[in-house]
There are 2 protein chains.
Amino acid sequence: MPRLVVRNFSISLDGFGAGPGQGVDNPLGVRGLELHEWVFATRAWNELQGEAGGEEGLDDRFIRQGDERIGATIMGRNMFSPIRGPWLNEDWTGWWGENPPYHHPVFVLTHHRRTPIPMQGGTTFNFVTDGIEAALERAFEAAGGRDVRLGGGVSTIQQYMRAGLLDELSVAIVPVLLGGGERLFDRLDGRALGYECVELVSSGMAAHARLVRKN
Amino acid sequence: MPRLVVRNFSISLDGFGAGPGQGVDNPLGVRGLELHEWVFATRAWNELQGEAGGEEGLDDRFIRQGDERIGATIMGRNMFSPIRGPWLNEDWTGWWGENPPYHHPVFVLTHHRRTPIPMQGGTTFNFVTDGIEAALERAFEAAGGRDVRLGGGVSTIQQYMRAGLLDELSVAIVPVLLGGGERLFDRLDGRALGYECVELVSSGMAAHARLVRKN
């Protein structure tokens, strides 16, 4: 059975998946980029950028496994764009340039209709206005038997967890304090929702915890 | 210079240092005992109980280092006792039996006076009613040049952090979800208070993060 999974979602030691004050200048919130330094250090990430170098080992393995058996991605509107409210025009096509690192259909949750955007390298951004379940249905269909990856952010992950639709959640706890921002486990009783941690390993740059839904 | 340090303070993946509903039946809150399974599994813990067995390795090393160079301990009232308000009598002498695992002077923060309790094995429980700074002063004096360990709980640690009095905080992030309880980083901006994480290692049963105050 294809599953819905979150992979390598970075949170700070104090629990935040994004820093305070998200916007165009700080898509991940103030100092939110520090959550992803462990990613940038890997060989897998460098390869994705067409560059040499980077470290192998645990973090590199997690980045590579993050894309395995994934046929489609779902993300929240704020992960796709700093724009709030209706789309003013068709200019914004994501944070990732002309060839985004997805290479498969991406479904963006939004309240505002927009025509799909085909990008280079196989990524198409589709906009879903009829809710998280409809998005999941479309993503599973597009994935053709493979898993669907839920990219984030915090609010989107929480919605899928509360709806009982998320099968697995891998978080990377990074050794920084953000002091504020969006907290992943904010008013979210993961235990009552059936999640258990089945793995906890650390590279020094990130402690990887894998949570699976047991019921 | 002697320092004030927190060592091996366990928090859940969702950030709680104690479960919900603390009381006589659940001194650590509901399911809070799960926070300490990594401790009970170590050889060092078994030795403290006068028993054989237990695992060596990373967690064992952290437990042993937790007591190194410590001359006194400070703890909050709720860590010493489930009783709230005035002491009704002198019966309660802590959770740890007649020979508590401290073996040095312990200073309990409380609003209610009580005479010191000498226990077996070198532990004396002293009750401090004039605030956290007075307790620290007395503890440093009692420690005779060694460090002072701050035991907990969450509220007490937060008070010392906010007052700029805590030099180091080692947390053990354990692979369980509690869903509620007392959150260590609740309205606590550790970054603004000057703390940085300088180490992150995992045994599989706990990821140990060491935070030191840099300014």
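This is a predicted model: local features need pLDDT of at least 70, side-chain atom pairs count only at pLDDT 80 or more; totals for chains, interfaces and linings use all residues.
## Relation of the two chains

Chain A is superposed on chain B by a rotation of 180° with 0.0 Å of shift along its axis, and the RMSD of that superposition is 0.0 Å. This is therefore the relation of a two-fold axis. Within chain A, the C-alpha nearest the axis belongs to A:Ser202, at 2.6 Å from it. The same surface serves both copies, since 100% of the contact residues of chain A recur in chain B.

## The interface

Between the chains, 23 residues of chain A are in contact with 23 residues of chain B. On the side of chain A that touches chain B, strand S10 (195-202) and strand S11 (207-213) of chain A each supply at least two residues, and S10(A) gives the most, with five residues. By residue class, that side of chain A divides into 14 nonpolar, six polar and three charged residues.

## The sheet of chain B

Chain B contains an open sheet of nine strands with mixed pairing, in the order S5-S6-S4-S3-S7-S1-S8-S11-S10. Its edge strands are strand S5 (117-118) and strand S10 (195-202) of chain B, each of which pairs on one side only. Helix H5 (residues 132-143) of chain B packs on this sheet, where it touches S1, S3, strand S4 (105-109), strand S6 (124-128) and S7 of chain B, and the direction of H5 makes about 160° with that of S3(B). Helix H6 (residues 154-162) of chain B lies across S1, S3, S4 and S7 of chain B, and runs at about 135° to S7(B).

Strand S7 (residues 147-152) of chain B is mostly covered, with six of its six residues buried. In the strand order, S7 stands between S3 and S1, and the pairing with each of these strands is parallel: strand S3 (residues 70-76) of chain B and S7(B) pair over five bridges, while strand S1 (residues 4-12) of chain B and S7(B) pair over two bridges. Individual bridge partners illustrate both pairings, with B:Thr73 partnered by B:Arg149 in S7(B) and B:Leu4 partnered by B:Val148 in S7(B).

## The nonpolar core

The largest nonpolar core has 107 residues, of which A:Ile74, A:Val108, A:Ala139, A:Ile173, B:Ile74, B:Val108 and B:Ile173 touch the most other members. Residues up to four places away in sequence being set aside, B:Ile173 touches A:Ile173 and A:Ala207 in chain A, and B:Ile11, B:Leu13, B:Ala206, B:Ala207 and B:Ala209 in chain B.

## B:Leu211 in strand S11

B:Leu211 lies in strand S11 (residues 207-213) of chain B.

When neighbours within four places in sequence are left aside, B:Leu211 is in contact with B:Glu168, B:Leu169, B:Gly190, B:Tyr195, B:Glu196 and B:Cys197. One of these partners, B:Tyr195, is 16 residues apart from B:Leu211 in sequence and 5.9 Å apart in space, C-alpha to C-alpha.

Conventions
Residues are numbered from 1 along each chain as its sequence is written. Chains are lettered from A and ligands numbered from 1 in the order in which they are written. A residue is buried if 20 or more other C-beta atoms lie within 10 Å of its own, exposed if 12 or fewer, and partly exposed in between; C-beta atoms are placed from the backbone. Helices (H or I, at least four residues) and strands (E, at least two) are DSSP runs, numbered from the N terminus. Two strands pair if DSSP finds at least two bridges between them. Copies are superposed by least squares on the C-alpha atoms of residues with pLDDT of at least 70 in both. Two residues are in contact if their C-beta atoms, placed from the backbone, lie within 7 Å. A nonpolar core is a set of buried Ala, Val, Leu, Ile, Met, Phe, Trp, Tyr and Cys residues joined through C-beta atoms within 7 Å. Ala, Val, Leu, Ile, Met, Phe, Trp, Tyr, Cys and Pro count as nonpolar, Asp, Glu, Lys and Arg as charged, and the others, Gly among them, as polar. Axes are lines fitted to C-alpha atoms, for helices over the stretch in contact, and angles run from 0 to 180 degrees between N-to-C directions.
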